[in-house]
Amino acid sequence: MSAQEMGVAWWPGLVRVGALFVCTLILTAAFLSLVPGRRLWFTVLGSGTICGYLLHGFLIRGGQYSGFFDRYPSLGTPAGRVLLTVTTVVVMTLLCTPVVRRILRPVTEPEMAWAFRRDARGAAGPGRR
């Protein structure tokens, strides 16, 4: 829905988007200032975040489709949310480990050399031999 459809003037949305953009720039700069310039113990996990990013959705959707979250309404309580958060941190850390990256590399980081191979006939360009 647009702002007008919700009964709000158009300009507060414009101001909010601008403020959020400025906040995003500040938070990005803050994050980048905290990134270390040398290799540490968690550098390996950081290089494997593509696995966690690409695969966590399958776990969430699997839990939703199987009814896992509906079977355990206690996960909605404060203690349940803490347990779910700790479990999520552990699972995401495991998804970023080198072992999981190596096993799932064909799915998450497929070999794309075939897509960039130059055709020997077309390499000289059209009309040239």
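**A chat about helices, a patch and salt bridges**

User: Hi! Is Thr108 buried or exposed?

Analyst: Thr108 is buried, with a relative accessible area of 10%. Here buried means under 20% relative accessible area, exposed means over 50%, and partly exposed is in between (1.4 Å probe, protein chains only). This is a predicted model, so local features need pLDDT of at least 70 and side-chain atom pairs count only at pLDDT 80 or more, while totals for chains, interfaces and linings use all residues. Residues are numbered from 1 along each chain as its sequence is written, and side-chain values use heavy atoms, with hydrogens and water left out.

User: Thanks! Where is Thr108, and what does it touch?

Analyst: Thr108 is in helix α6. Helices are DSSP runs (H or I, at least four residues), numbered from the N terminus. Leaving out residues up to four places away in sequence, Thr108 touches Cys51, Leu54 and Leu55. A contact means heavy atoms within 4.5 Å.

User: Which residues are buried in α3?

Analyst: Cys51, Gly52, Leu55 and Gly63 are buried in α3. The buried residues of α3 pack against α4 (68–71), α5 (78–95) and α6 (98–108).

User: What about Phe58, buried or exposed?

Analyst: Phe58 is exposed, with a relative accessible area of 62%. Phe58 lies in helix α3 too. From Phe58 to Gln4 there are 54 residues in sequence and 37 Å in space, C-alpha to C-alpha.

User: Where is the kink in α3?

Analyst: The kink is centred on Leu55 and is about 35 degrees. The bend at a residue is the angle between axes fitted to the seven residues ending there and the seven starting there.

User: How does the span of α3 work out?

Analyst: Helix α3 has 17 residues (residues 49–65), and at 1.5 Å a residue they should span 24 Å. The end C-alpha atoms of α3 are 25 Å apart, which agrees. The expected span is 1.5 Å times one less than the number of residues.

User: And what follows α3?

Analyst: Gly67 follows α3, and its phi is positive, near 80 degrees.

User: New topic: what is α1 like, buried or in the open?

Analyst: Of the 25 residues of α1, the number buried is 1, so α1 lies largely in the open. At 1.5 Å a residue, α1 should span 36 Å, and its end C-alpha atoms are 37 Å apart, which agrees.

User: Which residues make the nonpolar surface patch?

Analyst: Trp10, Trp11, Leu14 and Val15 make a nonpolar surface patch of about 510 Å². Patches take residues with over 30% relative accessible area and no salt bridge; like charges are joined within 9 Å, and nonpolar side chains (Val, Leu, Ile, Met, Phe, Trp, Tyr) within 5 Å. Areas come from the Shrake-Rupley method with a 1.4 Å probe, and for residues only the protein chains shown count as cover. Val15 is in helix α1 (residues 10–34) and is exposed, with a relative accessible area of 51%.

User: Which residues does Glu109 pair with?

Analyst: Glu109 forms a salt bridge with Arg101, with the closest N and O atoms 3.7 Å apart. Glu109 also forms a salt bridge with Arg105, with the closest N and O atoms 3.8 Å apart. Shared partners join Arg101, Arg105 and Glu109 into one network.

User: Are those residues buried or exposed?

Analyst: Arg101 is buried, with a relative accessible area of 15%. Glu109 counts as partly exposed at 30% relative accessibility, and Arg105 counts as partly exposed at 37%.

Methods. Helix = DSSP H or I, 4+ residues; strand = E, 2+ residues; numbered from the N terminus. Salt bridge = Lys/Arg side-chain N within 4 Å of Asp/Glu carboxyl O.
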